[in-house]
Amino acid sequence: MGLRQLPAKQTRIGRRQQIDPDGARPWVCPARGAVNLRTRLAIAGGSVVAGALVLVSVVLYPAVNANLRGQIDNTLVVAAGQAPNVAAAIKAKFRDVNGEPGFPTVPLGIGSTQLQIVPEPVRIGPSTEFVDITARDVAVADGIEGAYFRDAVYNGVVYRVYTAQLPDSPGTLVRTAIPESDPAPTLRELAWLLAGSTVAAGLLAALASRLAARRVLRPVHQLTETVELIRRTGDLSIAIPADSRDEIGRLGAAFAAMTAALDESVGAQRRLVADASHELRTPLTSLTVNLELLAENPADAQAPLLAAEALGQAGELTTLVNDLVDLARYGQAPYHTEDVRLDLVAERVAGRAARRAPQIEFELAVAPTLVHGDPDALERAVANLVDNAVKWSPSDGRVRISVTAGTLEVADAGPGIPDSDLEFVFDRFYRSPAARAHPGSGLGLAIVRQVAEAHGGTAEAVPCRSGALLRLVLPTCFEHREP
């Protein structure tokens, strides 16, 4: 039974929209009603001021209330102390039902203060003239207990009552009272004043905070617009404002450094791709031609030669690809680091080179030098320097290798480097006109510079009268560990 492909409607493949992996997700929606930073700062500023005023009001209102209550109590005590004088003045004018001098038992109004004198004998019970007389009142009149304050209700009015013994009159009771509603208007006005001040101050603080935030956050707004412009256009060369010296200026400087590094990285990647494509094109073309010739006439007498050339070109491609991989790898931060004896690395590399090129004389002048880095990367860099010297040295030439204080130098007796090429010899795929006749990918010295920069060092070609002198400088372990 054969296989039959189902139409798109049945497989549901046609219904699903293709999604760009680097694009925005259609199901991710921007937040609606989001409050911007200026508004949040305004709300925060207004809330802080309003909260502070609420706290002040919570403390101030009870304090004022207690102060007014204390003033009322003092007024009652003073009025009770003046009761004998008031009683004497009124007694001379007041006559009881028998025509004898006396004192009215109903409270007398002196301003807002009520004054009542209860002559002896003071008895417990209800009073139609004022608040009821309690057992404690009787004890105060008899001198058993001291004067005291209390809150009492009479005819629906709450009074603050002070009860004491009439001075110099044992058994006689004096009571002074003030309606507690008297300070209420003052407290009510205070409450409205505090509430209005809190609301008004909160709103003013919010407005001031928003205006201040607008000014303070203006650099952030400019930075945001610049970053969004970079995101939209993809142009990493757009200047990012970083004029101020505060935290926002530091943030702008960090963004500027980041975009500059990204721009350099993207440019380096593009140049690497272009250079690699150019370098790969020639050996691939030659290899293709040789293979086509072999395919057309396998029995040709030149077939072994063509096969050998194809293998050689394949080897060049392999070397080029390996160098590209190493260039990308050593361009990153070292992922495995340890203390490395650079002098011992130079001795190992020189020993291997001497076995491969016995016609070359190697001269070593090394001193113990300890550096910190990736041992494989450092050995590859030293090997590339030595291989470059061997390639350019005559058959009976001499290669001098010296290591001291974190500096490694490799000198050869070859034709040397023209002054115009000194600054370019460590560039990727750079090959001088004289070097194009020699095998190589043009990446060996570029790898040396990548390793040096990844370890915080430098690589340079030093001018000299004869031959070439290449120098690799790396920080020593003592420089790494300095505080």
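Buried residues are those under 20% relative accessible area, exposed residues are over 50%, and partly exposed residues lie in between (1.4 Å probe, protein chains only). By that scale, Glu-460 counts as partly exposed at 34% relative accessibility. The model is predicted, so local features need pLDDT of at least 70 and side-chain atom pairs count only at pLDDT 80 or more, whereas totals for chains, interfaces and linings use all residues. Residues are numbered from 1 along each chain as its sequence is written, and side-chain values use heavy atoms, with hydrogens and water left out.

**Strand pairing**

- Strand β3 (residues 148–154) pairs with strand β4 (residues 157–165) in the antiparallel sense over seven bridges, where two strands are said to pair if DSSP finds at least two bridges between them, and where strands (E, at least two residues) and helices (H or I, at least four) are DSSP runs numbered from the N terminus.
- Within this pairing, Tyr-148 has Thr-163 in β4 as its bridge partner.
- β3 and β4 form a hairpin with two residues between them, and Asn-155 in the turn has a positive phi of about 55°.
- β4 is also joined by seven bridges to strand β5 (residues 173–179), the two running antiparallel, and here Ala-164 stands opposite Val-174 in β5.

**Salt bridges**

- Side chains of opposite charge can pair when their charged atoms come close.
- A search of the whole structure finds 14 salt bridges, each defined as a side-chain nitrogen of Lys or Arg within 4 Å of a carboxyl oxygen of Asp or Glu.
- One of them is formed by the side chains of Arg-150 and Asp-137, at 3.5 Å from N to O; Arg-150 lies in strand β3 and Asp-137 in helix α4 (residues 135–141), so the pair ties together parts that are 13 residues apart in sequence. Both Arg-150 and Asp-137 are buried.
- The side chains of Glu-363 and Arg-398 meet in another salt bridge, at 3.3 Å from N to O, and this pair links distant parts of the chain, with Glu-363 in strand β7 (residues 361–366) and Arg-398 in strand β9 (residues 398–404), 35 residues apart. Glu-363 counts as partly exposed at 33% relative accessibility, and Arg-398 is partly exposed as well, with a relative accessible area of 35%.
- Arg-471 and Glu-460 also meet through their side chains in a salt bridge of 3.3 Å, N to O, which links Arg-471 in strand β12 (residues 468–473) to Glu-460 in strand β11 (residues 458–462), 11 residues apart. Arg-471 is partly exposed, with a relative accessible area of 22%.

**Surface charge**

- Arg-210, Arg-214, Arg-215 and Arg-218 gather in a patch of positive charge on the surface; patches are made of residues with over 30% relative accessible area and no salt bridge, with like charges joined within 9 Å and nonpolar side chains (Val, Leu, Ile, Met, Phe, Trp, Tyr) within 5 Å.
- Helix α5 (residues 184–216) gives the most to this positive patch, with three residues.
- Arg-215 lies in helix α5 and is exposed, with a relative accessible area of 61%.

- Gly-51, placed in helix α2 (residues 37–81), counts as partly exposed at 36% relative accessibility.
- Gly-51 and Thr-198 are 147 residues apart in sequence, while their C-alpha atoms are 8.2 Å apart in space.

How values were computed:
Accessible areas come from the Shrake-Rupley method with a 1.4 Å probe; for residues, only the protein chains shown count as cover. Lys and Arg count as positive and Asp and Glu as negative; His and the chain ends are not counted. The place of a charge is taken as NZ of Lys, CZ of Arg, CG of Asp or CD of Glu.
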